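Subject: Structure handover and findings

Hello,

Here is the structure you asked to take over. Please look through it first; my notes on what was found follow below.

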Amino acid sequence: TMASLARVTPLLPSLSRAHARRRASTIRASSSGPNEGQSGYLPGTMASAEEILMQVIDRREFKPTSEECPFCREARVKENGSKCLGICRNPQNVPGPLVYPHAMQTWEDAVDCILWAMRDISTPRTDHGVQVMWEYAVEHGNMERSRFFGFSSDMYHFDHFIGKALNTYDAFVRNTGHEITQVSTMEDGRTRVDVRVKDRVGEETEWIFIMVRRTFGKYEGCIQAHRIVRADFPHLGDI
């Protein structure tokens, strides 16, 4: 079967994908031997990109989201023919993070927890690391605008926070390590933590975590992040 497929490969540029699939199906049907009727690559061999494209996928084997999703399974079919309620697509529809502020944590502990979570960003679920950072942001959920990222931004919606965090803190995503180089007190009483971060390819960047101790709410007495910016951020005292 593989030898026959290989002879078809040079013809692919001039064939449509549908035509190529029909030819692959014909070849498999006409083959003989112990592997007759099998599709895909043979054990011990590797299929080429062209051969993978020629394999026919039976979509009937996959259930639609409306049948797999526990929220949408029992929902009514709408006028557009969809049963999706949009719940499972909402990034806020997840339980709380496994890592969160605690009164026993130090300034360094809080920074470590954020960067370790961003290192393993999608463990145990997609964007869990961003959720941890959100939980450590002292202004998260506030209606007033914030300078958490250095620029003015809302901190009310977690789904908005995800996109801005992934863009601004790309160096944190799947980072390969970090080092806290200094902890100091700023003139306004906030705590400054200087950190050197190695990104996913080992390139180092310098960051400043401005931390505060929360004075109210469920995290009263806990250390949280007020601002996270690059070390060369201008007018640091103004944010």
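How many residues lie between β4 and β5 in the hairpin they form, and which residue in the turn has a positive phi? There are 5 residues between the two strands, and the residue in the turn is Gly 202, with a phi of about 90°. Please keep in mind that this is a predicted model.

Overall layout

The chain has 239 residues, of which 37% count as buried. Its secondary structure amounts to 7 helices and 6 strands, and along the sequence these follow the pattern α-α-α-α-α-α-β-β-α-β-β-β-β. Taking contacts between residues at least 6 apart in sequence, 49% join residues at least 24 apart. The chain exposes about 14500 Å², and carbon and sulfur atoms supply 51% of that area.

The sheet

An open sheet is formed by 4 strands in the order β3-β4-β5-β6, with antiparallel pairing. β3 (177-185) and β6 are at the edges with a single partner strand each, so one side of each has no neighbour in the sheet. On average, neighbouring strands are turned by 25° against each other, direction ignored.

β3 and β4 run antiparallel and are joined by 8 bridges; Gly 177 has Lys 198 in β4 as its bridge partner. These two strands form a hairpin with 5 residues between them, and Gly 189 in its turn has a positive phi of about 95°. β4 and β5 pair over 8 bridges, in the antiparallel sense. Across that pair, Val 195 stands opposite Trp 207 in β5, and Val 197 stands opposite Thr 205 in β5.

α5 and the sheet

Helix α5 lies across β3, β4, β5 and β6, and runs at about 125° to β5. Val 111 is a residue of this helix. Is Val 111 buried or exposed? Its relative accessibility is 0%, so Val 111 counts as buried. Apart from residues up to four places away in sequence, Val 111 touches Ile 180, Val 193, Val 195, Phe 209 and Met 211. Val 111 and His 178 are 67 residues apart along the chain, while their C-alpha atoms are separated by 9.9 Å.

In soluble globular proteins, nonpolar side chains tend to be buried together. Here the largest nonpolar core has 34 residues, and those with the most contacts inside it are Met 133, Phe 148, Phe 161, Tyr 169, Phe 172, Phe 209 and Ile 228. Two or more residues each come from α5 (107-119), α6 (128-136), α7 (158-168), β4 (191-198), β5 (204-213) and β6 (223-230). The element that gives the most is α5, with 7 residues.

Leaving aside neighbours within four places in sequence, Phe 148 is in contact with Met 133, Ala 137, Met 155, Phe 161, Tyr 169, Ala 225, His 226, Arg 227, Ile 228 and Val 229. There is also a second, separate core of 6 residues, which includes Met 186, Ile 208, Ile 210 and Ile 239.

α6 and α7

The axes of α6 and α7 come within 10 Å and cross at roughly 110°. The two helices are therefore roughly perpendicular to each other. Val 130, Gln 131, Met 133 and Trp 134 in α6 meet Phe 158, Phe 161, Ile 162, Ala 165 and Leu 166 in α7. The buried residues of α7 are Phe 158, Phe 161, Ile 162, Lys 164 and Ala 165, and they pack against α6 and β2 (153-154).

Backbone points to check by eye

Most residues other than glycine have a negative phi, and most peptide bonds are trans. The following places depart from that.

- The peptide bond from Thr 123 to Pro 124 is cis, with omega near 10°. Pro 124 lies in the loop between α5 and α6.
- Asp 127, in the loop between α5 and α6, has a positive phi near 60°. With a relative accessible area of 21%, Asp 127 is partly exposed.
- Arg 174, in the loop between α7 and β3, has a positive phi near 55°. Its relative accessible area is 45%, and Arg 174 is thus partly exposed.

Regards

Terms used: Residues numbered from 1 in each chain as written. Predicted model: local features only at pLDDT ≥ 70, side-chain atom pairs only at ≥ 80, totals over all residues. Heavy atoms only, no water. Core = buried A, V, L, I, M, F, W, Y, C linked by side-chain atoms within 4.5 Å. Buried < 20%, exposed > 50% of the residue type's maximum accessible area, 1.4 Å probe, protein only. Contact = heavy atoms within 4.5 Å. Pairing = 2+ DSSP bridges. Axes fitted to C-alpha atoms, helices over the stretch in contact; angles between N-to-C directions. Areas by Shrake-Rupley, 256 points an atom, 1.4 Å probe, with all protein chains shown as cover. Parallel < 35°, antiparallel > 145°, perpendicular 65-115°, else oblique.
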